[in-house]
Amino acid sequence: SLLLVASVQSIARPSIREYSANLDSSSWQLKNATALECKLVHAIPHFGQAVFVSKAGKDLSLRFEMQMIRQPDGYGLAQVVSVPPNWRSGEQARPIADMQLLKQFNGDLPKAKASLMLTELEQGYSPTLYFADWYSPYDQIKASLNPVRFSESYYKFNDCVAGLLHYSFEDIAMTMLSYESNSDALTRESQARLSQIAEYLKHDKAIARVEIDTYTDSYGGRWINDELSRKRAKTLKEFFVQAGVDATVINTEGFGEKRHVAANDTTQGRAINRRAVVQLVRSEAPVLQ
């Protein structure tokens, strides 16, 4: 009976299924290297791929995502630890984070933990995930990132991140521009804003619609102001066409001196009313160039 108990305990003890690229298959690739997004990707055979991604924006962004071929079928935690290389004999693995696992979602980690993982990889360590298998009560999963051939792609990734725009689509999707008095010339600040939009449009070709509404103050006569607002709209449409946007997706409307947002009896109020409102609408997934 003791032999039977020992046998049952041996059967019940979870085994570990290991996934990792070997020395020959380990590769790191820089993908989507644009001014809008940088991705560093590492394939883990038969398991999925590890992805570090940074996107354009006001603040430096970085996120780690473990894209699994078989996504979780339940909820749990994965322990992420940094495993030392074999030549560092006797050194203990270092904890990095507990990564939440959600049903039918990839696991991910925020900037601080993702940065730590990159630093560990640069030093030759292997960030490794340990978690219980959702599909088998008898198995634990071990998925490792291999630091072999990491450095060259990592340095290219850093160069890509340094070249990201300091604003995102959300920062320019709704823009209000201001005009000089009795003119279709933008103020200096608005010219700079329009230059930002032009730079963004060089890299994202998925603009599905552009809405341009232009306004004037109440000085100069209603007919003159109607014509001036239409001229402002026409000039902006030409700008977007030159920036690569299909003319057929650009809608313009000049409202003249209608729809004031400030009083017209002050210099400041008239300056606010001399405006254009530009709204960019993008298809769900940007086309990165």
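Residues are numbered from 1 along each chain as its sequence is written, and side-chain values use heavy atoms, with hydrogens and water left out. In this predicted model, local features need pLDDT of at least 70 and side-chain atom pairs count only at pLDDT 80 or more, whereas totals for chains, interfaces and linings use all residues.

We may begin with the strands. Helices (H or I, at least four residues) and strands (E, at least two) are DSSP runs numbered from the N terminus, and two strands pair if DSSP finds at least two bridges between them. An open sheet of 5 strands has the order E1-E10-E9-E6-E7, with mixed pairing. Its edge strands, E1 (15–19) and E7 (94–101), each pair on one side only. On average, neighbouring strands of this sheet are turned by 25° against each other, direction ignored; axes are lines fitted to C-alpha atoms, for helices over the stretch in contact, and angles run from 0 to 180 degrees between N-to-C directions. Strand E6 (residues 76–83) and E7 run antiparallel and are joined by 7 bridges, and Val81 has Pro95 in E7 as its bridge partner. Helix H2 (residues 111–122) packs on the sheet, where it touches E6, E7 and strand E9 (126–132); contact means heavy atoms within 4.5 Å. The direction of H2 makes about 135° with that of E7.

Turning to the interior, a nonpolar core is a set of buried Ala, Val, Leu, Ile, Met, Phe, Trp, Tyr and Cys residues joined through side-chain atoms within 4.5 Å. Buried means under 20% relative accessible area, exposed over 50%, and partly exposed in between (1.4 Å probe, protein chains only). The largest core holds 34 residues, and Phe47 is among the members that touch the most others. Beyond its neighbours within four places in sequence, Phe47 contacts residues including Tyr19, Met66, Ile141 and Phe131.

Phe47 and Phe131 also form a tilted aromatic pair, 6.4 Å centre to centre with 45° between the planes. Rings of Phe, Tyr and Trp (its six-membered ring) pair if their centres lie within 6.5 Å; planes under 30 degrees apart count as stacked, over 60 as edge-to-face and the rest as tilted. Because Phe47 lies in the loop between E3 and strand E4 (48–55) and Phe131 in strand E9, the pair ties together parts 84 residues apart in sequence. Phe131 and Trp134 have ring centres 4.9 Å apart and planes at 25°, so this pair is stacked. Phe131 is buried, at 3% relative accessible area, while Trp134 is partly exposed, at 22%.
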